[in-house]
Amino acid sequence: MSTLTRKAELSDLEGLLALYRELRPHDPEQPPAVASARLASLLEQQFVHVLVCESSGTLVATCMLAVIPNLVNGGRSFGVIEHVVTGSAHRGKGYARRVLDHALTLAWSLDCYKVMLLSGAHRTEAHALYASLGFDGDVERGFVAKPR
């Protein structure tokens, strides 16, 4: 079984949408043309990296790394990881670890001084994975604001 971790391509749209439906099952469906245009726009962004892990030709995990240019910390960028998901049929096989390791390696190669990641407070299994990769939930506190 071959496994590959790489940047997403437009042809990955269907697999990405399937993974995102598992992560966020209540999100509204997007018309295929709209979803395709949005993914194309994301993939063109210099500071956005949609990463995937593929096993035997099937997308099994993904995450997105945004690299934010910065004026402090010597002008070094920082990274934000979002939308980490592994397909339910593929969990426990190290795919999330692979895609997150790829994201961190990319962030460090782009001279990020830190990478942040938010996770649902109840997702303790995911938190154990993040801690094993070097994320420390006690260094800073995350806050989220959403429109009312």
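K114 and E140 form a salt bridge, with their closest N and O atoms 3.0 Å apart; a salt bridge here is a side-chain nitrogen of Lys or Arg within 4 Å of a carboxyl oxygen of Asp or Glu. The pair ties together distant parts of the chain, since K114 sits in the loop between α3 and β5 and E140 in the segment after α4, 26 residues apart. (Helices, H or I of at least four residues, and strands, E of at least two, are DSSP runs numbered from the N terminus.) E140 counts as partly exposed because its relative accessibility is 48%; buried means under 20% relative accessible area, exposed over 50%, and partly exposed in between, using a 1.4 Å probe and protein chains only.

A quick note on what you're looking at: this is a predicted model, where local features need pLDDT of at least 70, side-chain atom pairs count only at pLDDT 80 or more, and totals for chains, interfaces and linings use all residues. Residues are numbered from 1 along each chain as its sequence is written, and side-chain values use heavy atoms, with hydrogens and water left out.

Back to the charges. Side chains of opposite charge can pair when their charged atoms come close. How many salt bridges does the count come to? It comes to six. One of them joins R91 and E22, at 3.6 Å from N to O. Here too distant parts of the chain are linked: R91 is in the loop between β4 and α3, E22 is in helix α1, and 69 residues separate them. R91 is partly exposed, with a relative accessible area of 48%, and E22 is partly exposed as well, at 36%. Another salt bridge brings together the side chains of R24 and D27, at 2.9 Å from N to O. R24 is partly exposed at 41%, and D27 is partly exposed at 38%. Finally, R6, D12 and E54 are linked in a network of salt bridges.

Is S77 buried or exposed? It counts as buried, because its relative accessible area is 14%. Leaving out residues up to four places away in sequence, S77 touches V67, I68, P69 and N70, along with D111, C112, Y113 and K114; touching means heavy atoms within 4.5 Å.

Now for L51, which lies in strand β2 (residues 48–55). L51 is buried, with a relative accessible area of 0%. Its contacts, again not counting residues up to four places away in sequence, include R6, K7 and A8, then A61, T62 and C63, and also V99 and L106. The C-alpha atoms of L51 and E9 are separated by 9.1 Å, although the two residues are 42 apart along the chain.

If a disulfide is a pair of cysteine sulfur atoms within 2.5 Å, the count comes to zero. C53 is in no disulfide, and the nearest cysteine sulfur, that of C63, is 10 Å away.

Last come the pockets. On a 1 Å grid over the protein atoms alone, a pocket is an open set of points with protein on both sides within 12 Å along at least five of seven lines, and its lining residues have an atom within 4 Å of a point. Grid points are joined across faces, edges and corners, and a volume is the space filled by probe spheres set on the points. The largest pocket holds about 970 Å³. Its lining counts 30 residues, with L23, V84, R123, A126 and Y130 nearest the centre. At least two lining residues come from each of α1 (13–23), β4, α3 (95–109) and α4 (124–132), and β4 gives the largest share, six residues.

The second largest pocket has a volume of about 740 Å³. It is lined by 25 residues, and M116, L117, D136, G137 and E140 are the closest to its centre. Two or more lining residues come from each of β4, α3, β5 (115–117) and α4.

Methods. 1 Å grid on protein atoms, 1.4 Å probe; cavity = no way out; pocket = protein on both sides within 12 Å on 5 of 7 lines; lining within 4 Å.
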